[in-house]
Amino acid sequence: MIREIQKDIYQIEVVLPNNPLKILNAYLIKGKDRNLLIDTGFAKKESYESLLRGLDKLNIDMKKTDVFLTHLHNDHISLVKYIIEDNCKVYMHPLDQKALRLLNDKAVWKSDEQFNEKMGFPKGRIGEALSSFRDLKEIEKQPKEFIYEDIFEDDIIKVGEYEFKCILTPGHTPGHCCLYEENNKILIGGDLILDKITPNISLNNKQWLANPLEAYIDSLNKVKKLQIDIILPSHRNCINGAKSRIEELKEHSYKRLEEVMRALQAKHISCPYDLAGCMNWNIRARSWEEFPLTQKFFALGETMANLVYLESKGLVERDIIQGKIYFSISTIGLSVLSNKA
Ligand SMILES: [Zn+2]
Ligand SMILES: [Zn+2]
């Protein structure tokens, strides 16, 4: 399905098969000489066909279209190599280009595996947890080789009458970027600000952001300063009240931090994986044991992101016991909790 958001700005619904997000919103900005496509979809037949159908309906010639990728996740980037033509520019922030290279590096992968096991994840099962993210290719067409085009904070991409400024908004990934159109007060928001759902802020990779939740909250505060009439997000509905949605997301983050503190207080000391099992998750499973392994991996990452944030504020403390990571509430943390009770 295609929606005209504003003159020359279109939303194309790209199907994400077997994924709870269901749809990626790609955006197409029509220009005089060149168009700009923002994000693409999975390298899967259904994604490919729905994106192509949208581009066809809008009469888009990919030879005259560049691509901007908000961040490195598969639902945003995997299709790009199947749709570009030789002279297409594919923009992505260098921090996400680097993170993507690390994800594909076997040595880095091994050290991340060990890191997750130190946090308590079942030994030798990371590969299984992430297997659904690999081998996504189900497209007959040969992919095109390309080199990412660097794009940095404050860089401008002009398309038709629009001038999109790149805003670096790390947290969800290290190099996540939004595009801001100041004259029309439009923010193309990627996965930074979503309606109804909250983006995943995880720490499963040691080489990524040291404190992703802090980075995410900083990014929300940065975007809150902009004049925005509409946010065009990568998933779900467009958002009209930017400031109030940002406040809701911050509020949610703080509530989550308190939940982690309370769960940790009840356990006295815990490894991140066991603590994740004590939190509330929006998943249809009767118990932590019944959680799908992939969801356990993300729950662990999110719990760890919360713990590292609390650690940076002096509210929790880390111990290494027999090579494993454990956390407990600090004296400051205990006094904060007793003041809140
Ligand atoms: Zn994402
Ligand atoms: Zn996404």
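Glu 247 and Lys 224 form a salt bridge, with their closest N and O atoms 2.7 Å apart. Glu 247 sits in helix H8 (residues 242–267) and Lys 224 in helix H7, so the pair ties together parts that are 23 residues apart in sequence. A salt bridge here is a side-chain nitrogen of Lys or Arg within 4 Å of a carboxyl oxygen of Asp or Glu. Helices (H or I, at least four residues) and strands (E, at least two) are DSSP runs, numbered from the N terminus.

This is a predicted model, in which local features need pLDDT of at least 70 and side-chain atom pairs count only at pLDDT 80 or more, while totals for chains, interfaces and linings use all residues. Residues are numbered from 1 along each chain as its sequence is written, chains are lettered from A and ligands numbered from 1 in the order in which they are written, and side-chain values use heavy atoms, leaving out hydrogens and water.

**Salt bridges**

- The structure holds 21 salt bridges.
- Glu 247 is partly exposed at 32% relative accessibility, and Lys 224 is partly exposed at 25%.
- Lys 7, Asp 8 and Glu 161 are joined into one network by salt bridges that share partners.
- For accessibility, buried means under 20% relative accessible area, exposed means over 50%, and partly exposed lies in between (1.4 Å probe, protein chains only).
- Lys 45 pairs with Glu 49 in a salt bridge, the closest N and O atoms being 3.8 Å apart.
- Both Lys 45 and Glu 49 lie in helix H1 (residues 45–57), four residues apart, about one turn of the helix.
- Lys 45 is partly exposed at 47%, and Glu 49 is partly exposed at 37%.
- Arg 125 and Glu 128 meet through their side chains in a salt bridge (3.0 Å, N to O).
- Arg 125 has a relative accessible area of 35%; for Glu 128 the value is 45%.

**The zinc ion (ligand 1)**

- Its protein donors are His 71 (NE2), His 73 (ND1), His 172 (NE2) and Asp 191 (OD), at 2.1 to 2.3 Å.
- Donors are N, O and S atoms within 2.8 Å of the metal (3.2 Å for Na, K and Ca); water is not among the atoms, so sites may look incomplete.
- The four donor atoms subtend angles of 91 to 174 degrees, which makes the arrangement irregular.
- Four donors count as tetrahedral if all angles lie between 85 and 135 degrees; four count as square planar and six as octahedral if opposite donors are over 155 degrees apart and all others between 65 and 115; anything else is irregular.
- Along the sequence, the donor residues of ligand 1 follow the spacing H-x1-H-x98-H-x18-D.

- Asp 75 is buried at 7%, and Asp 191 is buried at 5%.

**Two domains**

- The chain is assigned domain 1 (2–103 + 132–248) and domain 2 (260–340); such bounds come from an automatic or database domain assignment.
- The domain centres, taken over C-alpha atoms, are 31 Å apart.
- In contact are 13 residues of domain 1 and 13 residues of domain 2, where contact means heavy atoms within 4.5 Å.
- The area buried between the domains is about 1,000 Å², with 60% from carbon and sulfur atoms.
- Leu 203, Asn 204 and Leu 213 supply 41% of the area that domain 1 buries against domain 2, more than any other three residues.
- Buried area is the accessible area (1.4 Å probe) that two parts lose on being put together, summed over both.
- The rule finds one salt bridge across this interface.
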